[in-house]
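I am opening a notebook on a structure that is new to me. I will write down what I look up, one entry at a time.

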Amino acid sequence: MSTVANDYTQDGPEAVQIASVIPYYPFHGVPRFYDISGMTQNPAAFQLCIDIFVKRYAGLAVDAIAGLDARGFVLGPPIALALKLPFIMIRKKGKLPNAVTGEEYRKEYEGANSNGGDELCISRTAIKDGARVLVIDDLVATGGTLIAAVDLLKAVNATVVECACIVELKGLGGYQKLQAKHPGVNVWGLISEDVLNLEGTIN
């Protein structure tokens with residue numbers, strides 16, 4: 001089986017370039033909420049980010065790309081198209097017909113359900129038995145959403161190859177929490193909070 005490329009290291013020159021257009025704001029009770037729309041509004045930075053993900057995973061045996069609701073839907077499709085792979089939406093509960101719903105999970109801010117949590121769902125027709133899936137999201141913080149996604153994919157008999165994010169907030173320990181529950185699943189993040197220093201201006 002092919003292994004992932006190691007051309008791009010976390011917080012390397014390309015990562016710093018992309019980080020320079022990602023601002024942070026206080027939001028949902030989180031002091032530094034990183035807003036990737038700063039990157040998507042910058043075509044050069046957005047293209048660079050997509051190219052990095054495509055190059056990293058081009059040689060890996062993957063059957064599908066799964067993006068997490070909602071910013072994973074921004075990143076996942078261009079990566080999937082470049083790799084000529086299906087794109088699968090993992091959505092919040094109630095957003096898909098004919099779906100399998102996972103267990104409730106918590107994240108760093110309050111969720112949508114009555115308990116302050118969330119649940120994810122996936123179409124029953126999306127995953128072939130034993131499919132190898134790459135999970136894409138914008139950010140890993142406490143790890144709740146990624147853990148819930150991996151739980152759900154394993155429940156439908158998929159194999160998670162890796163979880164890939166633009167930003168990994170190392171100080172919140174999401175990677176360690178995911179590893180504790182799913183030791184065989186790695187997280188790769190291009191950028192850490194160490195180089196995200198653009199304070200957003202609130203008008």
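How are α5 and α6 oriented to each other? I keep in mind that I am reading a predicted model. I looked up helix α5, residues 144–155, and helix α6, residues 174–181, and found that they pack at an angle of about 25°, with their axes 9 Å apart. Angles under 35 degrees count as roughly parallel, and α5 and α6 are therefore roughly parallel to each other. I also noted that the crossing of α5 past α6 is right-handed. On the α5 side I listed Leu 146, Ile 147, Val 150 and Asp 151 as making the contact, and on the α6 side Lys 177, Leu 178 and Lys 181. Sorted by class, the contact of α5 with α6 has four nonpolar and three charged residues, with no polar ones.

I turned next to helix α3, residues 43–57, and helix α4, residues 72–83, which pack at an angle of about 50° with their axes 10 Å apart. That angle makes α3 oblique to α4, and the crossing of these two helices is right-handed. From α3 I wrote down Phe 46, Ile 50, Phe 53, Val 54 and Tyr 57, which meet Val 74, Leu 75, Pro 78, Ile 79, Ala 82 and Leu 83 of α4. By class, I find 11 nonpolar residues in the contact of α3 with α4, and no polar or charged ones.

How many disulfides does the count come to? I get zero disulfides, taking a disulfide as a pair of cysteine sulfur atoms within 2.5 Å. For Cys 49, the closest cysteine sulfur is that of Cys 165, and at 11 Å it is too far for a bond. Cys 163 is in no disulfide either, since its nearest cysteine sulfur, again that of Cys 165, is 6.8 Å away. I then checked accessibility: Cys 49 counts as buried at 0% relative accessibility, and Cys 163 counts as buried at 0% as well.

Is Val 160 buried or exposed? I located Val 160 in strand β8, residues 159–168, and found that Val 160 is buried, with a relative accessible area of 6%. Leaving aside residues up to four places away in sequence, Val 160 touches Val 133, Val 135, Val 150, Leu 153 and Val 185. Val 150, I notice, is also one of the α5 residues in the contact with α6. Finally, I looked up Thr 9, which is 151 residues from Val 160 along the chain, and the C-alpha atoms of the two are separated by 21 Å.

Note on methods:
Residues are numbered from 1 along each chain as its sequence is written. This is a predicted model: local features need pLDDT of at least 70, side-chain atom pairs count only at pLDDT 80 or more; totals for chains, interfaces and linings use all residues. Side-chain values use heavy atoms; hydrogens and water are left out. Axes are lines fitted to C-alpha atoms, for helices over the stretch in contact, and angles run from 0 to 180 degrees between N-to-C directions. Helices (H or I, at least four residues) and strands (E, at least two) are DSSP runs, numbered from the N terminus. Angles under 35 degrees count as roughly parallel, over 145 as roughly antiparallel, 65 to 115 as roughly perpendicular and the rest as oblique. A crossing is left-handed if the near helix is turned anticlockwise from the far one by less than a right angle, and right-handed if clockwise. Contact means heavy atoms within 4.5 Å. Ala, Val, Leu, Ile, Met, Phe, Trp, Tyr, Cys and Pro count as nonpolar, Asp, Glu, Lys and Arg as charged, and the others, Gly among them, as polar. Buried means under 20% relative accessible area, exposed over 50%, partly exposed in between (1.4 Å probe, protein chains only).
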